[in-house]
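Please look through the sequence and the structure shown here before reading on.

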Amino acid sequence: MKKGYLYTIVFMFIVALVFTTVLASVNAIFKSRILTNEQLIEKKAVLNAMSITYNDNEIDKLFANIEEVKKDNLVYYALTDGSNQIEKYAVYFEGSGLWSTLTGYIGVGGNFKTLLGIDFTSQNETPGLGGRIEEEWFKVQFKGVSISDLPLTYGNGIDAITGATLTSKSVMKIINDTINNQVKELEAMK
Amino acid sequence: MKKELQTVFYRNLWKENPVIRQILGICSALAVTNLAVNSLVMGLGLMFVTALSSFTISLLRNYIPQRIRMIVQTLIIAAYVIVVDIFLKANLPEISKALGPYVGLIITNCIIMGRAEAFAQKNPPVLSLFDGLFAGLGYTIILLGVALIRELLGFGSVFGYSLNMVNFTPWTIMVMPPGAFFMIAIFIWISSNMMSKRTEKAKLKKQEAK
């Protein structure tokens, strides 16, 4: 079937228009839901980093005592106790893994002596290998680690992931960098 | 129609299985098969996209100008993949997070374009829909087979549930990309063997009949 140039152009235009409209409407329908999901992932990561246990339906209540602070390249959440003392911090980090940018939070105690935990909000490492940094056993290893002796290294109770050496190294580097820069800055501010 | 469906089913699942017979979609087959859950979701996503894009392309097959047909196919495929991506992000955020970039990469899966070019171009919409669906199913089954073995040997678990095998040392090689090459090669070897035996038998029968 031979068709003229005009037909070809008009056809392509119509097809593109129809599918773009469909995609735009699907996006509009789900937009608010995706945003809520992303905020939820963010909030859960903050709570996990502070190593606070929670039920899914009490997250908002817990966030009543948590304040978000943004200052240039320092982003953190601070949990205040009853007498307005800051008890825990969750400091945002961003750094390069093997394939992708890793983002997430590390939790630090109010006295800046120990890590409370770590959680990731986004990572695109190899599923099943580097992607295992999301697994509980890996993250739990950073709970209660003293940060007075830097840099932190694997060994001494913290295991890297077998088959994902480069991602493991990147995670350790990001943690050390975050402690050396953001956390130190936070401590100096106090 | 029923007979045609059977042929399409048999052809896509076995005789011309996209992964082990046509060696298509190998990239994603290597990448996501170290965990069965990832393979399953990837397979379901691919089935959805292949079926619906084949259907749409077949509907439009008499109107698509020949010289821009590939651009139109890519556009249709991409649109469906983005729908899948948005749907996963909105309704299954955990899985969407685990699959990371692979959902977007469904667009580049050669199986979809292959079915569009080889089948949907020349056949009616409903049959094309099933052709796409079965091609996706053939892909999913092979991926799940490879993933179950890799996960079992590499992690000692099935669908994420640890089997707690005593004295079991995980074979790390199975979780790494070479493990997928070995497994898919074994699958291809077995299927080729079975296939050639069957054709030999058919030949013998013909000779006897003479």
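Predicted model: local features only at pLDDT ≥ 70, side-chain atom pairs only at ≥ 80, totals over all residues.

Residues are numbered from 1 along each chain as its sequence is written, and chains are lettered from A and ligands numbered from 1 in the order in which they are written.

**Two packed helices**

- Helices here are DSSP runs (H or I, at least four residues), numbered from the N terminus.
- In chain B, helix H3 (residues 36-59) packs against helix H7 (residues 125-155) at an angle of about 165°, and their axes, which are lines fitted to C-alpha atoms over the stretch in contact, with angles running from 0 to 180 degrees between N-to-C directions, are 7 Å apart.
- That angle makes H3(B) roughly antiparallel to H7(B), a term used for angles over 145 degrees.
- The residues of the contact of H3(B) with H7(B) comprise 18 nonpolar, 10 polar and two charged, where Ala, Val, Leu, Ile, Met, Phe, Trp, Tyr, Cys and Pro count as nonpolar, Asp, Glu, Lys and Arg as charged, and the others, Gly among them, as polar.

**Where the chains meet**

- Chain B brings 25 residues to the contact and chain A brings 24 residues, with two residues counted as in contact if their C-beta atoms, placed from the backbone, lie within 7 Å.
- On the side of chain B that touches chain A, H4(B) gives the most, with nine residues.
- That side of chain B divides into 19 nonpolar, four polar and two charged residues.

**Nonpolar cores**

- A nonpolar core is a set of buried Ala, Val, Leu, Ile, Met, Phe, Trp, Tyr and Cys residues joined through C-beta atoms within 7 Å, and a residue is buried if 20 or more other C-beta atoms lie within 10 Å of its own.
- The largest nonpolar core has 48 residues, and B:Val49, B:Tyr80, B:Tyr139, B:Leu143 and B:Val146 have the most contacts inside it.
- H7(B) gives the most to this core, with 11 residues.
- Another core, of 29 residues, lies apart from it and includes A:Ala49 and A:Leu116.

**One buried residue**

- B:Val103 sits in the loop between H5 and helix H6 (110-120) of chain B, and B:Val103 is buried because 23 other C-beta atoms lie within 10 Å.
- Leaving aside neighbours within four places in sequence, B:Val103 is in contact with B:Gly45, B:Val84, B:Asp85 and B:Leu88.

Definitions and conventions. Parallel < 35°, antiparallel > 145°, perpendicular 65-115°, else oblique. Buried ≥ 20, exposed ≤ 12 C-beta atoms within 10 Å, placed from the backbone.
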